[in-house]
Amino acid sequence: MDSHSAASRLTDEPWYLPLADEVQIFEAAYRARLPVLLKGPTGCGKTRFIEHMAWRLYRESDSARRSLELPLLTVACHEDLTATDLVGRYLLSGNETVWMDGPLTRAVRSGAICYLDEIVEARKDTAVVIHSLTDHRRVLPIEKTGELLDAHADFLLVISYNPGYQSVLKDLKPSTRQRFVSLVFDYPAIEIEATIIAHESGVNAALAQRLALVGEKIRNLREHGFEEGVSTRLLIYAAQLTAGGIEPRRACDAAIARAVTDDAEVQRAIGAIVDVILP
Amino acid sequence: MTATAARDLAGRVCFTDIQRFLSLFAQGLAGKFLHVKVIESQATGGGAKRFIDGESIHVPADIACFSAREHNLGAYRIAVLHQIGYLIEGTLEFDLAGLLQQHPRPALLRRVFGTLEDMRIEAAMRRRYPGARVDLDRVQAHALALRPQTQPMRPVPALVEALLQYSLGAARDALQASTRGELLAKLIDTAAVVQRQGARVADSAHAALRICAELGNLLRRLPRHFVTPTTPEEFARLRDSMESLNDDEFSASDAAGLAFDYRGQLMTDPSAKRRTGGQFAAAGMETHAAPGTVAPGTRDAADARDAPHAAATIARAPVAAGPRSFLYDEWDFHRQSYLSAWCRVYEQRLRGDDFGFIGGVRSRHPALEKEVRRRFGSIKPLSWQRVRRTSDGDELDLDGVIETVIDRRTGHDADSHLYVRRDRARRDVSAAFLVDMSASTDFPLPDPAAAMTAPVDAPAAQPPDSGLYLYGGHDESPAAVSTPKRRVIDVAKDALALMCEALQTLGDNYAIYGFSGDGRHNVEFHVAKDFPDRLRSSTWAALGAMQPRRSTRMGAAIRHSITKLAREPAGMKVLIIVSDGYPEDHDYGADRTDREYGIQDTARALQEAERAGIVDFCITIDPAGQDYLRRMCAPSRYLIIDDVTALPRELSKVYRTLTS
């Protein structure tokens, strides 16, 4: 199967530091079963946010949905991902064909949250199955079996996309976009990003602050071949390497400079920025 | 060569080698593009003048202060960090002009204020960039070592100099021992306020006023020793011992005498205010050059002034930030070697206000537009392709399933490739169109209306969208006579507009650039549409704003196009150059008549493009083009059009052939 589906049982609460009122808005959207669109650059915390929200909605002690084994089904969309990959397909088993649900169908049946990450990367036929799930019908037509599946009452569809590096040809159509409540994410302010780096890596607050400053400065170079800038995720990687005993400048070189660009001159400039900012 | 000289040479760092690095370093830390420019030393007559204007950073052409290359590179970094400090720490937002206007000794106040601001910025630098402290210490020590002794100086200059040396890290005790210790201690205590965390530019101003007040008191006290001079000798002694009251001697920069002035100068000319909006520009601060002389004395500064003016004639609104510049080598075929960092290419956005441009193109060429669309539509992979026997797909492949079941029943290994999937071949093309915007493209084309009104020998009437209409109006009424004559550039713009529409349908990534210029220091590179840009009304307006300008320094423009194409991830990269004549510029070769130089440089640039994996193609609207094109590129890589009206059709043909 094409899709890279990752299911999480979410036994532990994923740590997430709210940047604004996104938690409240998501909870309100869930109560009304309104599909949610997460917009933001890579590595800014969209996936962590949805994991955190799934835990809050399905795993907190007062949740009526605690019994659901897989509350979140995540699909990392890519350019070869088709509606079939989401809905399901027939497999050959022995001398007969058997139907295998795709991740979207599983979520629709079980009442989980289905998170389609980078939805615009998927082929256009995926929009067909999404549309009927995101309006008042809440149904999933399964063409190959002739089934019209009513969504479980707890089911919610969440998609994400990154407007930063999408071309004209890979934009989200208004007819799709306007079916979702939109939450916009961006890289957090230095203080918050430093807190996240320190929490995720275990480095001290002073170094985390310096790394957050490195991130802010390198993002000023995003027009030079890495439109996304450096992600919080990469800053955490650098911090984790440092916590693991790697010299901080070397850690930044491996986790940041080499990761964001292949342009040797830009790598050199990033190295110099790191060099003057780190103690 | 002495051993010391050899050592210096080995460690020397040249600006041209690190220009892009410094530019990126500055942009990252400042959060905006800053034009990093070279200053010429006083020895070369440049006057060592530079501006701190919030838009540019000025650094030496090379640094060889230290024997180690990394130390000299560190000195460059410190120069950038310090000058960025003026931007980040709020120096440029301060109304220094207002402060100076109120003071009886503005030059003295400005000098002291400048020293305090340098102290404040460097203290902030140490906190903000702890990794730069070692370099800063080294650079300060070097600058300090070159400062003069204070003992021979008169009291006030000595104190001002001592304050500067303190800002460069001189030991307080040593300074106090040599220069009016008690008063200097008081001045240093006052100045130290600006080194505290959170100090603002206003703190520097307050401290500077207090220090100047102390110095003023000193000035008032000094003459009391000579109350009534009665002899010429006593007058001379009085004159020698008194401080100058017009404070002109403080007009010279703090930096004067420094072999390497990493701090830049808070100085400007009246035009700087227009450029930056900053208050420093109005401060009437000192200049090294006399009024009316060529100001900053550097070619870079002159170029930077010229370029925005040049853009103004075609720009609807002033460009927000100054044009960026890039240095490129040039091939000197006489010497058979590259001239390093020879051409400076200024890249700037085209902005126009003719939002109806594309409407005009469509109305001029309705049939041609359809033809080009049809031509491109035929190369677009519209249909889906069914790929059988894949490991995954939308549905099971019946043949595969039957064979697999047979294999299993007969005891053979079964093939797991049982699916059918639909794939669409994608185009993976990035194309840059580079349009000659030289003055010759202003050449008016023959008016077809005149031909059509010829009563006797006129040819048969052309169909409505024949090529003739490319440069003529549709209207056959007498009003058509007043239609402005169309020029080569107009036809080129129409052709590109039609290409834009077709490429949009095709889905290829493309960019449209224009180039012209005036000499190697001012090669203009105009961007109508860059690769990441979406096609908007402003794009059409930008395309409409392409106008004939100056010369045709093609090599530098091609090299800049290569740089831009190199950043594109596409599997196929195409560069199509549309020109109307041979490459020429007033300094493109020994003189303007040296055609071979430009041809050879362009040929070399095209070879560089090919080495970079770019498919290049030249379309020239010049019947004599055969003479030079055959020496610039392979026969399959150029096309000569003697009828300019054929350009749109030929351009689309060429593109289709190159990318299919």
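**Figure 1. Contacts of I197(A) in the predicted model.** Leaving out residues up to four places away in sequence, I197(A) touches V203(A), A208(A), L211(A), A212(A), L235(A), I236(A) and A239(A). The coordinates come from a predicted model. I197(A) also belongs to the largest nonpolar core, which has 106 residues. Together with A238(A) and I273(A), I197(A) touches the most other members of that core. Helix α3 (residues 69-88) of chain B gives this core its largest share, ten residues.

**Figure 2. Helices α7 and α9 of chain B.** Two packed helices are described by the angle between their axes and the distance between the axes. Here the pair is helix α7 (residues 155-167) and helix α9 (residues 181-191), both of chain B. Their axes come within 10 Å. They cross at roughly 45°. The two helices, α7(B) and α9(B), are therefore oblique to each other. Their crossing is right-handed.

**Figure 3. Residues at the α7(B)–α9(B) contact.** From α7(B), the contact takes L159(B), A162(B), L163(B) and Y166(B). From α9(B), it takes L183(B), L184(B), L187(B), I188(B) and A191(B). Which classes of residue make up the contact of α7(B) with α9(B)? Nine are nonpolar. None is polar and none is charged.

**Figure 4. The side of chain B that touches chain A.** In this view, 24 residues of chain B are in contact with 27 residues of chain A. Three helices of chain B, α2 (15-30), α3 and α16 (398-409), each supply at least two residues of the chain B side. The largest share comes from α2(B), with seven residues. By class, the chain B side divides into twelve nonpolar, six polar and six charged residues.

**Figure 5. Chain A as a whole.** Chain A has eleven helices and ten strands. How much of chain A is buried? Buried residues make up 46% of its 279 residues. Now take the contacts in chain A with a separation of 6 or more. Residues 24 or more positions apart account for 71% of them.

How values were computed:
Residues are numbered from 1 along each chain as its sequence is written. Chains are lettered from A and ligands numbered from 1 in the order in which they are written. This is a predicted model: local features need pLDDT of at least 70, side-chain atom pairs count only at pLDDT 80 or more; totals for chains, interfaces and linings use all residues. Axes are lines fitted to C-alpha atoms, for helices over the stretch in contact, and angles run from 0 to 180 degrees between N-to-C directions. Helices (H or I, at least four residues) and strands (E, at least two) are DSSP runs, numbered from the N terminus. Angles under 35 degrees count as roughly parallel, over 145 as roughly antiparallel, 65 to 115 as roughly perpendicular and the rest as oblique. A crossing is left-handed if the near helix is turned anticlockwise from the far one by less than a right angle, and right-handed if clockwise. Two residues are in contact if their C-beta atoms, placed from the backbone, lie within 7 Å. Ala, Val, Leu, Ile, Met, Phe, Trp, Tyr, Cys and Pro count as nonpolar, Asp, Glu, Lys and Arg as charged, and the others, Gly among them, as polar. A nonpolar core is a set of buried Ala, Val, Leu, Ile, Met, Phe, Trp, Tyr and Cys residues joined through C-beta atoms within 7 Å. A residue is buried if 20 or more other C-beta atoms lie within 10 Å of its own, exposed if 12 or fewer, and partly exposed in between; C-beta atoms are placed from the backbone.
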